[in-house]
Amino acid sequence: MAIWIDEGVYDDLLAGLGDGMAAARLRWRAFDAAATEGQRRMHFFEAVRMMQAADRTRDALAEADARLERLQPDTGLMRYMVRLAMAAGRPDLADRYARE
């Protein structure tokens with residue numbers, strides 16, 4: 001028998017146990033399975049936030065960049081990516097995002 005628990009509950013549980021990366025991995029899996037743009041955006045930003053909180057900004061940038069094509073680009077998203085790239089020490093990627 002399967003029991004559905006909102007992924008936010010898992011996020012809180014795993015983050016509370018000190019495993020923010022596991023919570024981020026759940027968010028990336030949810031992103032990959034999401035059916036709508038709104039769901040993908042929610043999971044995208046939450047996963048990045050969790051990875052940054054775990055001091056894994058460079059990894060967050062790599063994960064975000066790999067999934068960026070699945071989101072509709074807009075000014076807010078690209079500004080976010082510029083800031084993420086700068087935080088990860090990747091001014092080359094920040095420049096690329098600024099031009100998109």
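Colleague: Is Arg67 buried or exposed in this structure?

Modeller: Remember that the model is predicted. Buried means under 20% relative accessible area. Arg67 has 13%, so Arg67 counts as buried.

Colleague: Where does Arg67 lie, and in which helix?

Modeller: Arg67 belongs to helix H4, which spans residues 57–67.

Colleague: Which residues is Arg67 in contact with?

Modeller: Skip neighbours within four places in sequence. Arg67 is then in contact with Trp28, Phe31 and Asp32. Now take Trp28. Residues up to four places away in sequence are again not counted. Trp28 touches Arg67, and also Phe44, Ala47, Val48, Met51, Glu63 and Ala64.

Colleague: How many residues has the largest nonpolar core, and which have the most contacts inside it?

Modeller: That core has 25 residues. Trp28, Phe44, Leu61, Met81 and Tyr97 have the most contacts inside it.

Colleague: Which helices supply at least two residues of this core?

Modeller: Helix H2 (20–33), helix H3 (37–53), H4, helix H5 (75–87) and helix H6 (91–99) each do. H5 gives the largest share, six residues.

Colleague: Let's turn to H6. Which residues of H6 are buried?

Modeller: Leu93, Ala94 and Tyr97 are the buried residues of H6. They cover an arc of only 105 degrees around the axis, so they sit on the same side of H6.

Colleague: Which residues are exposed on the other side of H6?

Modeller: Pro91, Ala98 and Arg99 are exposed there.

Colleague: What covers the buried residues of H6?

Modeller: The cover includes H4 and H5. H4 is also the helix that holds Arg67.

Conventions. Residues numbered from 1 in each chain as written. Predicted model: local features only at pLDDT ≥ 70, side-chain atom pairs only at ≥ 80, totals over all residues. Heavy atoms only, no water. Helix = DSSP H or I, 4+ residues; strand = E, 2+ residues; numbered from the N terminus. Buried < 20%, exposed > 50% of the residue type's maximum accessible area, 1.4 Å probe, protein only. Contact = heavy atoms within 4.5 Å. Core = buried A, V, L, I, M, F, W, Y, C linked by side-chain atoms within 4.5 Å. Arc of directions from axis to C-beta.
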